[in-house]
Structure formats: structure tokens, C-alpha cells
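The sequence and the structure come before the notes.

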Amino acid sequence: MKKRKITILAFLLFAGVNSINAQDKDNKWALSFGVNAVDASTAGLSDIGAMASDYFSTDDWNVLPAISTISVSRYMNYGLSVKVSGSLNKIQYVREKNDSEGLSFSSVDAAAVYDLNSLFGDTGWFDPHVQAGLGSAWIDDTSSLTVNAGWGFNSWFNENVGLSFDSTYNYANGGFNGDNEVAGYFQHSLGLIIRFNGDE
């Protein structure tokens, strides 16, 4: 399990660095890294009330006190970017379950990201976005494909460096098998984003 996690993060970091070196002239690449919180839940899509309550509750967030998420994104056109991200965590709490401490968590996701400034006009320092995509997640030795949707923003300190925030719901198709079944999870990430501009 540990080797798989290391391999995932090493691949994403390698791809991000190579992409930046090769594509910075086009100003189309960005690399972000930071921490993530996983809010696992037994509530399914049919239980909207429980999901809404869970979203605004931080009591069962699972957070590693280290860099635990990394993403690479590439701008395509018309406000649309594609992003690949990977995350690690440790599940200590699952809502409505008391026997889930110490579960390892890892995920790889791919998403289409749409910059809302394309609709409302460029703000210069604040870039809100929505996103949707697919992924795969592992909780201990069980895995599931996921369908993901969410929102977030980048807040730029200068032309190249900013703060990145993302919040998604990840629906586990069929849930995770085993004694600690999880129907889905919210994932929130906060970190540093670096974009590369080739203008001289």
C-alpha cells in the first residue's frame, strides 16, 4: 500500500515538473501542492439532508499534518483546463461509524475545470472555478471508482504564485467493500499554486 502511494505522488510530481519545463512558454501549466481533508460518510446521494449537514461539519474531517495532495493542470481554451491530482490521507473518522480508525487513504483524480471568470469577467487576482471528473480511491485494501464534482478558487499573490482551494464531493460507485463501507466523501484541499508565464 505504501509503495503504491509513493509511486502515485512521484509520478504526478515528475509529470508536473517535466510539463512545466517544457510548456512554460505557453503559460498553460500550473502545479499546486498542499494539504487535504477527507470527510468520509456512509450517507448516499439519496440522503441530501445528511450530506448537507456533513458538508458544514468539521468534526469528522481527516487531515494529515503534511503535504498530502499535488495536482498538475493545463489550460486548454475558452476557460477550460484539465487537471490530474493525487492525494494521501489517513481515515480516523467516518460519520456514523466508530470502528474505522487507522484506515489508509489514497486517490487519483482527473477533472475538467471551468474558470468562472470566462463568464463574469477577469478579476485579476481571484479565479473561481467549478469542476467535474472521474477518479479512483483506495481505503485500506478496498477501492472504488469515483464520480467527482466541486468548486474552488485560486487567489493570486502576484502573476505566478497564489493560494489554491478546492472542495469536491466524490461519489463512490458501489461504495467501498468491507467492514468500513463508505458511500462517498467530501475532499477539501488548500495549498500553493504556481503558474508559469513564458512572456518576456
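**Pocket lining and overall fold**

The lining of the largest pocket is made up of 10 nonpolar, 10 polar and 7 charged residues. The model is predicted.

Largest pocket
- The space in the largest pocket is about 530 Å³.
- Its lining has 27 residues, and Ser-73, Tyr-75, Ser-81, Asn-154 and Trp-156 are the closest to the pocket centre.
- β3 provides 5 residues, the largest share of the lining.
- Strands that each supply at least two lining residues include β1 (29-41), β3 (69-77), β4 (80-91) and β6 (103-115).
- At least two lining residues each also come from β7 (126-139), β8 (142-156), β9 (161-172) and β10 (184-195).

Fold
- The protein contains 3 helices and 10 strands.
- Along the sequence, these elements follow the order α-β-α-β-β-β-β-β-α-β-β-β-β.
- Of the contacts between residues at least 6 apart in sequence, 64% link residues at least 24 apart.

Burial and surface
- The protein has 200 residues, and 46% of them are buried.
- The accessible surface of the protein is about 10,600 Å².
- Carbon and sulfur atoms account for 60% of that accessible surface.

Conventions
Residues numbered from 1 in each chain as written. Predicted model: local features only at pLDDT ≥ 70, side-chain atom pairs only at ≥ 80, totals over all residues. Heavy atoms only, no water. Helix = DSSP H or I, 4+ residues; strand = E, 2+ residues; numbered from the N terminus. Buried < 20%, exposed > 50% of the residue type's maximum accessible area, 1.4 Å probe, protein only. Contact = heavy atoms within 4.5 Å. Areas by Shrake-Rupley, 256 points an atom, 1.4 Å probe, with all protein chains shown as cover. 1 Å grid on protein atoms, 1.4 Å probe; cavity = no way out; pocket = protein on both sides within 12 Å on 5 of 7 lines; lining within 4 Å. Points joined across faces, edges and corners; volume = space filled by probe spheres on them. Nonpolar A, V, L, I, M, F, W, Y, C, P; charged D, E, K, R; others polar.
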